[in-house]
Amino acid sequence: MDNKILKEFLRDKELKNQDFIAGIMVNIILLYIVNSVMTWNLSFVAESFRGLIPLFNVVIAANLIANAALIIYTEQWLWTFTQIVLSALGYLLVSSLYSVFPFTFRNIYVFYSVKFGLLVAMVVMAVAVFLHGLKFVLKFILKTAGHRQPPAG
């Protein structure tokens, strides 16, 4: 592997509080939408969506907690770790959406486009879990292991 590619992969992300604050605001809006959508009588949202609302709430709450934690304690290792957890939860949510598919689209092209989009999202999130996990191990676990004192002998 080219050293330049590895350095770019392990490069620190610029962590800004305004990004975390924006994330909190977006997640609060999503929380409202998810918990209200069943009252909007949308023709394409099936009753089975109601069963996914608790999972949506868990994923959104995890995002809120992660963003709040990163405002308080802005560290690269914590950001990388939260990305692993949030990507895994996102994968769980999208795969549940794909399995239950709580939508009733009349147009076959829309139906299959949304199904395909959910599959693509699952692949992207699985890759994100893997890559963030790899970065976490390479950058933070191995770095910590390399700084330990050898046992006294």
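How many salt bridges does the structure hold? The structure holds three, a salt bridge being a side-chain nitrogen of Lys or Arg within 4 Å of a carboxyl oxygen of Asp or Glu. The model is predicted, so local features need pLDDT of at least 70 and side-chain atom pairs count only at pLDDT 80 or more, while totals for chains, interfaces and linings use all residues. Residues are numbered from 1 along each chain as its sequence is written, and side-chain values use heavy atoms, with hydrogens and water left out.

**Stop 1: Lys 139**

Select Lys 139, which is in helix H5 (residues 108–146). Helices here are DSSP runs of H or I with at least four residues, and strands are runs of E with at least two, numbered from the N terminus. Lys 139 is buried, with a relative accessible area of 15%. Buried means under 20% relative accessible area, exposed over 50%, and partly exposed in between, with a 1.4 Å probe and protein chains only.

Asp 12 is partly exposed, at 40% relative accessible area.

Leaving aside neighbours within four places in sequence, Lys 139 is in contact with Leu 10, Arg 11 and Asp 12; contact means heavy atoms within 4.5 Å. A polar atom of the Lys 139 side chain lies 2.7 Å from the backbone oxygen of Leu 10.

**Stop 2: the other salt bridges**

Go to Arg 11, whose side chain meets that of Glu 8 in a salt bridge (2.9 Å, N to O). Glu 8 counts as partly exposed at 46% relative accessibility. Then select Glu 47 and Arg 50, whose side chains also form a salt bridge (2.5 Å, N to O). Arg 50 is partly exposed, with a relative accessible area of 43%.

**Stop 3: helix H2**

Select residues 17–36, the 20 residues of helix H2. Which residues of H2 are buried? They are Phe 20, Gly 23, Asn 27, Val 34 and Ser 36. These buried residues pack against helix H3 (53–72) and helix H4 (76–100).

**Stop 4: the nonpolar cores**

A nonpolar core is a set of buried Ala, Val, Leu, Ile, Met, Phe, Trp, Tyr and Cys residues joined through side-chain atoms within 4.5 Å. Select Met 38, Phe 49, Phe 56 and Leu 97, which have the most contacts inside the largest core, a set of 22 residues. H3, H4 and H5 each supply at least two residues of this core, and H3 gives the most, with seven. Not counting residues up to four places away in sequence, Leu 97 touches Leu 52, Phe 56, Pro 102, Phe 103 and Leu 118. A second, separate core of five residues includes Leu 15, Phe 20, Leu 70 and Leu 78.

**Stop 5: the aromatic rings**

Rings of Phe, Tyr and Trp (its six-membered ring) pair if their centres lie within 6.5 Å; planes under 30 degrees apart count as stacked, over 60 as edge-to-face and the rest as tilted. The count comes to 10 aromatic pairs. Select Tyr 73 and Trp 77: their ring centres are 6.1 Å apart and their planes at 65°, so the pair is edge-to-face.

Next, select Phe 81 and Phe 136, with ring centres 5.8 Å apart and planes at 50°, so this pair is tilted. Phe 81 in helix H4 and Phe 136 in helix H5 are 55 residues apart. Phe 81 is partly exposed at 39%, whereas Phe 136 is buried at 15%.

Finish with Phe 44, Phe 101, Phe 103, Phe 105, Phe 111 and Tyr 112, which ring pairs link into a cluster.

Technical notes: The expected span of a helix is 1.5 Å times one less than its number of residues. A polar contact is a pair of N or O atoms within 3.5 Å; within protein, one must be able to donate a hydrogen and the other to accept it, and residues adjacent in sequence count only if both atoms are side-chain atoms.
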